[in-house]
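Welcome, and thanks for taking a look at this one. Below is a short briefing on the strands, pockets, ligand surroundings and backbone geometry, to read alongside the structure.

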Amino acid sequence: MNLAELNKVAVAMVAPGKGILAADESSGTIKKRFDAIKVESTEDNRRDYREMLFRSTDAMSKYISGVILYDETIWQNAKDGTPLVKLIEQAGSIPGIKVDEGTQALPQCPGELVTVGLDKLAERLKKYYERGARFAKWRAVIDIGAGIPTMTAISVNAHALARYAALCQAAQIVPIVEPEVLMDGDHDIDRCYEVTQRVLNKTFQELRVQRVELEGMVLKPNMAISGKKCPKQASVAEVAEKTVRMLKACVPAAVPGIAFLSGGQSDEEATAHLDAMNKIGNLPWKLTFSYGRALQAAPQKAWSGKSENVAAGQRAFAHRAHMNGLASKGAWESGLEKKAA
Ligand code: 5MM
């Protein structure tokens, strides 16, 4: 393993003003997204949609440090035969790959999940590296509810995240470590804080046990935030203050950067929260975005599967990428959203 090279890639992934586009929706998830805009989820439509994003040259080169791809996409070519991976590289962005194979029910833990995909991962990583991937992603899913999460779910998911991360680094690929505590319930922000703190502590304990080099990874966590169904929604200032406090308590300064998931927040909320955290300042790591829905909802709607809407889709994508790029430097203002509208 060449740690200096891994660190160089990790630092580039969280470069000031830039963040990561999570375009790694599995077949089931992209179908859900396409259903919402009444587009059939065929291989060609998925290719056309992602080609539209990756050919948004201005946005890609200015605001997108890296793109997380799904297995199908990393092997796909654009309409003119250029590999999609090349489009990303030509824009100066880094190709990455989701390598987990989804979740399965966790035995003896009703309602809880464990992420799978470690079998043959070393061989798969080698092929992805040859294709151009320089970072990877694995997402663990932790739900909050009555009596959950159990320590069992936290522990097995942290163990798998660390196994994955160690294998990535051995293959000269930077691991994005994503332990996602879902915001689906009716819990308040303090319960989210407490659960996420336990999850992060266990994850970093496992990363240490399995000798993962912290300088060569990126963390992708949820924010400390109220559950979607909680009657009391925390303000932007409270989310920012509690998330920064929680991360300072759990994430070693050796980690070059933290790139948040959006987790179902609205586009503007996800931007406002990131911006408010960066405005607090004096942080030991870079804080940026690795958004899926909060970057793609607007371009999906604007595109709606029609070739005549490609320019509008690219404009919508460029706008969100720009706003989040500003937020990664604490330089966003809500007025900029209105001006664009
Ligand atoms: C883009 O969505 C990713 C893939 O999800 P599935 O494997 O469930 O299809 C997802 O992992 C995503 O990278 C993260 O959850 C962050 O996305 P959001 O939408 O939460 O920002």
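Where is the place of S262? S262 sits in the loop between β9 (257-260) and α11 (267-280), and it is among the residues closest to the ligand. Please keep in mind that this is a predicted model. With that said, here is a tour by topic.

**Around the ligand**

- The ligand is surrounded by 17 residues, and the closest of them are S26, T29, K98, K137 and S262.
- K137 places a polar side-chain atom 2.3 Å from an oxygen atom of the ligand.
- R139 also brings in a polar side-chain atom, which lies 3.4 Å from an oxygen atom of the ligand.
- For K220, an N or O atom in the side chain is 3.2 Å from an oxygen atom of the ligand.
- S262 has a relative accessibility of 3%, so it counts as buried, the cut-off being under 20%.
- A polar atom of the S262 side chain also lies 3.4 Å from the backbone nitrogen of A294.

- β3 pairs with β2 (residues 64-69) in the parallel sense, over 4 bridges.
- Within that pairing, G96 of β3 stands opposite I68.
- β3 is also joined to β6 (residues 135-142) by 3 bridges, and these two strands run parallel.
- Here K98 stands opposite K137 in β6; both lysines are listed among the residues closest to the ligand.

**The largest pocket**

- The volume of the largest pocket is about 790 Å³.
- Its lining holds 35 residues, of which T29, K98, K137, R139 and E180 are the closest to the centre.
- At least two lining residues come from each of α2 (27-36), β5 (113-115), α7 (121-131), β6, β7 (174-181) and β10 (286-291).
- By type, the lining of the largest pocket has 17 charged, 9 polar and 9 nonpolar residues.

**The second largest pocket**

- The second largest pocket holds about 220 Å³ of space.
- Two elements give two or more residues to its lining, namely α3 (43-54) and α13 (310-327).
- The largest contribution is from α3, with 4 residues.
- Residues lining the second largest pocket include N45, D48, K79, W303 and Q314.
- The lining of this second largest pocket splits into 5 charged, 4 polar and 3 nonpolar residues.

**Backbone geometry to check**

- Most residues other than glycine have a negative phi, and most peptide bonds are trans.
- I148 and P149 are joined by a cis peptide bond, with omega at about 10 degrees.
- P149 belongs to the loop between β6 and α8 (151-170).
- Q172, in the loop between α8 and β7, has a positive phi near 65 degrees.
- R211 has a positive phi too, near 60 degrees, and lies in the loop between α9 (189-209) and β8 (218-219).
- R211 counts as exposed because its relative accessibility is 71%, where the cut-off is over 50%.

Key:
Residues are numbered from 1 along each chain as its sequence is written. This is a predicted model: local features need pLDDT of at least 70, side-chain atom pairs count only at pLDDT 80 or more; totals for chains, interfaces and linings use all residues. Side-chain values use heavy atoms; hydrogens and water are left out. Two strands pair if DSSP finds at least two bridges between them. On a 1 Å grid over the protein atoms alone, a cavity is a set of points where a 1.4 Å probe fits but cannot get out, and a pocket is an open set with protein on both sides within 12 Å along at least five of seven lines; lining residues have an atom within 4 Å of a point. Grid points are joined across faces, edges and corners, and a volume is the space filled by probe spheres set on the points. Ala, Val, Leu, Ile, Met, Phe, Trp, Tyr, Cys and Pro count as nonpolar, Asp, Glu, Lys and Arg as charged, and the others, Gly among them, as polar. A residue is near a molecule or strand if one of its heavy atoms lies within 4 Å of it. A polar contact is a pair of N or O atoms within 3.5 Å; within protein, one must be able to donate a hydrogen and the other to accept it, and residues adjacent in sequence count only if both atoms are side-chain atoms. Buried means under 20% relative accessible area, exposed over 50%, partly exposed in between (1.4 Å probe, protein chains only).
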